[in-house]
Amino acid sequence: MNLLRKISEFLTLRKKKRFIKDQRSRSMHKYSILSIVVLFVILIIMNVLVDLLAENRFVDLTAQKMNSVSEETRKVLTDLPAEVQIIGLFERPDNLESSIYQLFVPLLDKYEELSKGKMSVSYYDPDAYPSIVFGLDPTGSTSFSKDTYVVKSGDRFVIIDPMDCLIFDSYEYSVNNRTVIVGNSVETVFTGSISYLVSGDLRRAYFTNGHSESGSSTIRDLLRYDGYECKDLYLEQQGGIPDDCEVIIINLPKSDFTENEAGLLSDFLSDGGKIIMVSDFSSYPTEMTNLFALAEKMRISITSDIIRENSPEFMLVADNNYYSKGIVSDAYSSLFGIEFVTVGESRSIQLGDYSESDATVRPILASSSNAVAHYVESNPTENLVEGTKYFALHSAIDGRTGRGEMIVLGTGFISADEYISSLGTNDDGIRFFRYLIHSLTGKTVQTPIPAKFLPSYDFTNMPSVSEQTIWTVMLIAIIPFVFISAGIIVYYRRKHK
Amino acid sequence: MIAYYKRELLSYFRSPTGWVAMALYAIISGFFFSSWIPSGGFDLSGEFVFVSGILFIVVPIITMRLFSEEKKTGTDVLMYTASSSLSGIVVAKYLAALTLFLLMNITLLIHMLILLIFGGEINAVTVGSLFGLLLLGAVFIAIGTFASATTENQIIAALLSFTVILLSRFVFIFSEQFRSITVGILSALNVFGISSERIASAGNGVRDAMNWLDPYAKVDDYFIGVFRIQPIIFCVSVIVFFLFLTYRLMEKRRWSQNG
Amino acid sequence: MIEIKNVSKYYGDKLALNNVSFEVRDGELLGLLGPNGAGKTTLMNILTGFLSSTSGTVSIDGHDILEEPAEAKRNIGYLPENPPLYPDMTVREYLRFVCELKKIPKVSREKAIAEALSLVKIFEVSGRVIRNLSKGYKQRVGLAQAIISKPKILILDEPTIGLDPRQIIEIRNLIMSLKGKHTIIFSSHVLTEIQSVCDRVVIIFDGKRVAIDTPLDLASRMIGPKRLSLTVASESEYIGDALRSIEGIKRVTVVRSEDGNVQYELLLEPSADVRRDIFFSMASNSWPIVEMRSNEPSLEDVYLGVTSLAERKGGSK
């Protein structure tokens, strides 16, 4: 009963009646409450207004504009010619802090916003919604794994593994086995995928298979963003080259092609096909007779000599003559805007003397004039003549129905997955390789959005261990000690004052 | 007003309080900093974000005494009978506490200098994080000032601001809890046949409204090097609001019926 | 001039001040007399703007304390019962702070501090931390705080409470020395203190202003019936008659009889001094006087007297 009365008192604010005698206090009370409420409302309105007015206004102060959507992406999204869906095959993460999804979820929301309804982003956990997977690919031939993104437009789609969009510190990984994220290519990948999916100018690139070719996933992904459909080519099984094939990429095969295969490729060239071939010493000492003969027909001879750069200014590492900066020939550097490409352990590619061919050959990538080429299994001898050696050559012939072109590279540094990942980032080299393919297919592509790298926080002036100790002692002992003793001195002096 | 600013600021250094707060701040941040030196590289913004997470320890120390002591010693009479306005005195005391906080952050500037000596990287993210940290500090000091005005007991004032600041660190967790509670209640009481989507969006509304008040989420942008005006407006609003509450609370004693 | 008009103050349900009105003239030393809890402190807090009244107005030189607080407060120096001292400061630091607070120009600050220090005679402790000072010194620092800006009006709430007799005299002399330079309102619950220094006295009892007058007039009113306590070492029954026969004695009552000593209480006419007559009368009868003592009216008596006076006045109207 007592409680009930108290509640009713509380509800009817009976307590206030006690103050009824005091008009002044009551009006002050009212005024006080009112002023607080008014201030609160004003502040809320102000905040809401600012939120509305300045919603998308911000300045990204980071050097690499880590937090803003690039102009290129904005252009792609505002001019989307077709509907695009992005589906995350996982539950939309709520707490983004310190998870890699903070790089994805807000950015894709931003994409959705910028596309003005042309693009949608949704998240479905395939365990909870198994049907979503069937909707993505009705043929059922693709397996979708959880925790990936699917970018879909019409019937075509691209699967993106978030992990592939992260760039790790390869040194930390190889030496300390730690994964340290140094950058990300989220925008590169997603914007690239979107432009690929909606692109009307779609090219087909075929990668040969069946000769222990090197992995090409990096190149394939990037080509896809450039608007290529990348397919596998099993020459022996397929018995021919598909009609839609515009360029064939032979990436570091380790066994020779059969005569039949070489014949098909040769015909392909005669029909105006384009081939880019990479062969370094990873196939040595296997005889690559048929394949090399194909190049020979284009007046390019692939030797078993290794290029040794003797000019220190072009050497990458002081004590290793076999890793160097390749010089891009004028014709290509003016086209691509790239002057040097990191290469290494390269076969020397020479102008062949196959006189029956009327192919025209021109250099792409060369050493300095102080390089030598020596047989890979022998040591360099003194009597070698220094001169310009070639890492890559281009050859063209007028075939039966078109102009066949072939590019041969003696180094896998800029095309093969194993080199790319172990070298960390060789962005210019990879770009160079892609541009070579574009130069063959005649495709003009927009520059892809560069990956965003976190600034390096490494000390350029690493303190020695003793210096570290001094600083540490200063910071966690001396400075606090000075403060504490100042406090104690003040306390005691004033205590007895 | 200036009189109170000077008195409060100097009183931090007349008693051990100011020194202890500075030492504590220096030790915690210094420990964090020096533990990173051997790794050969350090993103200083990480330290600033870390420090912003321990404000719940630092801020109560510098704000607990601001008003609570006045009531206890009877010196509040001076505030009420001085010809300067009470609001000015509230602002003066707040600014004094804020100044001490800024002085404490000189430690962090020293860390910046050392980092420069090591040839480390200082960029927009670093500076933005420092700014975010200072802004958070300014907000929490306003809350601490108010807490100090609510009670005559320093310890209670400290505990109060400690709790509020600590809780604000976890707004995003509570908001999620409140979302599910709202959804649960609405679903249980669903007599009007509201669709489950509506209920879910109501829950999200509750969550978003709470998250909107999260000061840490507000300054997050600064921690990643993005400058926006909204966090500043928000933080200044919170500061103004709490200082006004403090002023009203002090003023209330003049006309309150409870003596 | 201070005008207090119909000031009332409620604390919740409790009426602490009930419709109090009076004026304080410029330059006068006004005593505020009343027992503890009568409402003196409340009244002073209202005068200084520390509290707001529930109703009624206070104006200081024509400035209403609620409407124009800054102007009104500028002329007031206030020493509350519990002096508002920051224990962590030294006396000098504290007075410097008070100077800034009262907006004394920078150039005259040091002079003002020196004057205040010498006036309240605390020069020797000016470098000490207030926390370590004795109660008497603290009181004086508080007083220095109140007078440092040379305010026209000084309001002192029980300035002598809790001090030892020597300190009380010192403070009282100090207040006397300030007389004339300031309008002073000073409160006390000790009658003699007020009587000895004040120009006029206001008596507050139970929240009401029950009297305002000069101490002299007030005394004559207050001192109502005088009492004398007499102990005689004889149990003679004629003593009472003998006493009654002395002129000026209104009533005789036996208080107590013990071991042959009888104690009488005598009620006297207000202005009579009958002690000689009693002595001779007793001596002539060989009744030895063991003790004879004049019972001064207690403060409570005075209040009661004045209160009943006030009530009677009120009743007759």
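How many residues of chain A are in contact with chain B, and how many of chain B with chain A? In this predicted model, 49 residues of chain A are in contact with 52 residues of chain B.

**Chain A side of the contact with chain B**
- Helix 2 (23–53), strand 1 (59–60) and helix 15 (465–495) of chain A are the elements that each give two or more residues to the side touching chain B.
- With 15 residues, helix 15 of chain A gives the most to this side.
- By class, the side of chain A that touches chain B has 30 nonpolar residues, along with twelve polar and seven charged ones.

- Strand 1 of chain A pairs with strand 1 (residues 226–227) of chain B in the antiparallel sense, over two bridges.
- Asp60(A) stands opposite Val226(B), which lies in strand 1 of chain B.

**Confidence in chain A**
- Chain A has a mean pLDDT of 84, and 93% of its residues reach 70 or more.
- Residues 13–20 of chain A have a pLDDT below 50.
- Beyond near neighbours in sequence, the stretch 13–20 of chain A has seven contacts in the model.

**Domains of chain C**
- Chain C is divided into two parts, domain 1 (2–222) and domain 2 (226–296).
- The C-alpha centres of domain 1 and domain 2 of chain C lie 45 Å apart.

Notes
Residues numbered from 1 in each chain as written. Chains lettered and ligands numbered in written order. Predicted model: local features only at pLDDT ≥ 70, side-chain atom pairs only at ≥ 80, totals over all residues. pLDDT = per-residue confidence, 0-100. Contact = placed C-beta atoms within 7 Å. Domains from an automatic or database assignment. Helix = DSSP H or I, 4+ residues; strand = E, 2+ residues; numbered from the N terminus. Nonpolar A, V, L, I, M, F, W, Y, C, P; charged D, E, K, R; others polar. Pairing = 2+ DSSP bridges.
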